[in-house]
Every structure is written in structure tokens, then in C-alpha cells.
Amino acid sequence: ETGVTQTPRHLVMGMTNKKSLKCEQHLGHNAMYWYKQSAKKPLELMFVYNFKEQTENNSVPSRFSPECPNSSHLFLHLHTLQPEDSALYLCASSPNSAGAYEQYFGPGTRLTVT
Amino acid sequence: KNEVEQSPQNLTAQEGEFITINCSYSVGISALHWLQQHPGGGIVSLFMLSSGKKKHGRLIATINIQEKHSSLHITASHPRDSAVYICAVGSTDKLIFGTGTRLQVFP
């Protein structure tokens, strides 16, 4: 248990559906992250929020829409996804968004787009 | 060429063997991280280091800043060490990840 929770753990959705992934951290951290992990590829950073402000959008398609209402919660809204978006989506948090801070990861949401 | 390279990509070992995983990077860093990912997806941070050496139980991590190289060693390996080990470098405001090393330790 790392102090970072993600729901749901598994999600199957059609290409026309709209769904949301939720992440919550109980560590008092100020930075939160969304990562995508596809088979045989390195973890890909999608978004970074620091003190609720988005500081990084790593050229992510607009069908992925993040929301950070406060420092403890992070959402990823999904709509009109493609089958190639099927992957493990990981949330993480750290005290600050600088690369010298340890990141704490949630268990991930396994997403399948049909 | 990836900014963070790990070797080997896959590694099998017999229980009790000494294991080394290597990581080389080509960017300036503020810190280097070693992470462990078990089947099922969860990732746990093992070490964060910016110089020298750190030890935690049977795990040892070293870094050579001049050579831009780090190693993760596992002494007296055990089947429960089977996982993917990921090297990541902290660069300004984000981490850059290697592709990981899949380790399987057989009894």
C-alpha cells in the first residue's frame, strides 16, 4: 500500500463510451502524474500537475482530458478512445514535481478499448 | 536512441545467485531512481540516489555520475525477487524511464 489509490482497477470500454479514471493520494503531496504503460514500451508520462496547476502535457491526444480539483485528487476523462489506447494507466504523486523527489505509484487501471 | 538504456532486457537466475542490472543515461540528472514492478502492475520505489551507493536489505544501488551509469545488485536472489526492475532519471521536473529489465529467479 503506497498511499495512492486508483479506481477502477480494470475497465473495458467501447470506442464511443465516456469514462473517467480516478486517483487519490493520502500523502500530502503537491504533485500528481498520469502515466501510460503499453506492452514492451517504457512508461510514458502523460500529464503533470503541481499545486493543482498543469505543468506538463506530453503531446497527449485530446481524447484524454485530465482534471485536478485539488492536490489530493486527479482524474483522467476518456472519450472516443481507440483500441491502441488499451494499456495500463498509472497515477503517481510526489512532494513536488522536481525529478529529485521519489514518486509513489498507484496500482494502475488496466484499460481495454474494444 | 533512448535517453535511458537498461541491460539486460531479460534475466533468469537460480535462487541464491548474485544479480546485476545496469543503467546508462545520456542526460543531466538531479537523481536516479530504481523501481520494481511486480506482475499486476504496482510500482514501488526501491532507491533514489544522486551519488555513491545505497543499501537496503539484499539490494544495493550504485551510481557513477562521471560515467553516467548506475547498477542495481541483488545478493542471494530469491524467487520473490522476480519482477521488472526499472531505472528512471530525474531531469528538472519529470522522470525519464528505461524500458525495464525482466528478472525471473527460479528455485
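How many aromatic pairs does the count come to over all chains? In this predicted model, the count comes to four.

**View 1. Tyr33(A) and Tyr35(A) make a stacked pair.** The ring centres of Tyr33(A) and Tyr35(A) are 6.0 Å apart and the planes meet at 20°, so this pair counts as stacked. Tyr33(A) is buried, with a relative accessible area of 1%, and Tyr35(A) is buried at 1% as well. Look around these two rings and you will find one aromatic cluster that also takes in Phe105(A) and Phe97(B).

**View 2. Phe64(A) and Tyr89(A) make a tilted pair.** Here the centre-to-centre distance is 5.9 Å, with 35° between the planes. Phe64(A) sits in strand β7 (residues 64–70) of chain A and Tyr89(A) in strand β9 (residues 87–94) of chain A, so the pair ties together parts that are 25 residues apart in sequence. Both Phe64(A) and Tyr89(A) are buried.

**View 3. Leu32(B) and Trp34(B) have the most contacts inside the largest nonpolar core.** This core has 23 residues. Among the chain B elements that give it two or more residues are β3 (19–25), β4 (31–37), β5 (43–49) and β9 (83–91). Leaving aside residues up to four places away in sequence, Leu32(B) touches Cys23(B), Tyr25(B), Phe47(B), Met48(B) and Ile63(B), among others.

**View 4. A second, separate core has 22 residues.** Among its members are Cys68(A), Leu78(A), Ala87(A) and Tyr89(A).

Note on methods. Residues are numbered from 1 along each chain as its sequence is written. Chains are lettered from A and ligands numbered from 1 in the order in which they are written. This is a predicted model: local features need pLDDT of at least 70, side-chain atom pairs count only at pLDDT 80 or more; totals for chains, interfaces and linings use all residues. Side-chain values use heavy atoms; hydrogens and water are left out. A nonpolar core is a set of buried Ala, Val, Leu, Ile, Met, Phe, Trp, Tyr and Cys residues joined through side-chain atoms within 4.5 Å. Buried means under 20% relative accessible area, exposed over 50%, partly exposed in between (1.4 Å probe, protein chains only). Helices (H or I, at least four residues) and strands (E, at least two) are DSSP runs, numbered from the N terminus. Contact means heavy atoms within 4.5 Å. Rings of Phe, Tyr and Trp (its six-membered ring) pair if their centres lie within 6.5 Å; planes under 30 degrees apart count as stacked, over 60 as edge-to-face and the rest as tilted.
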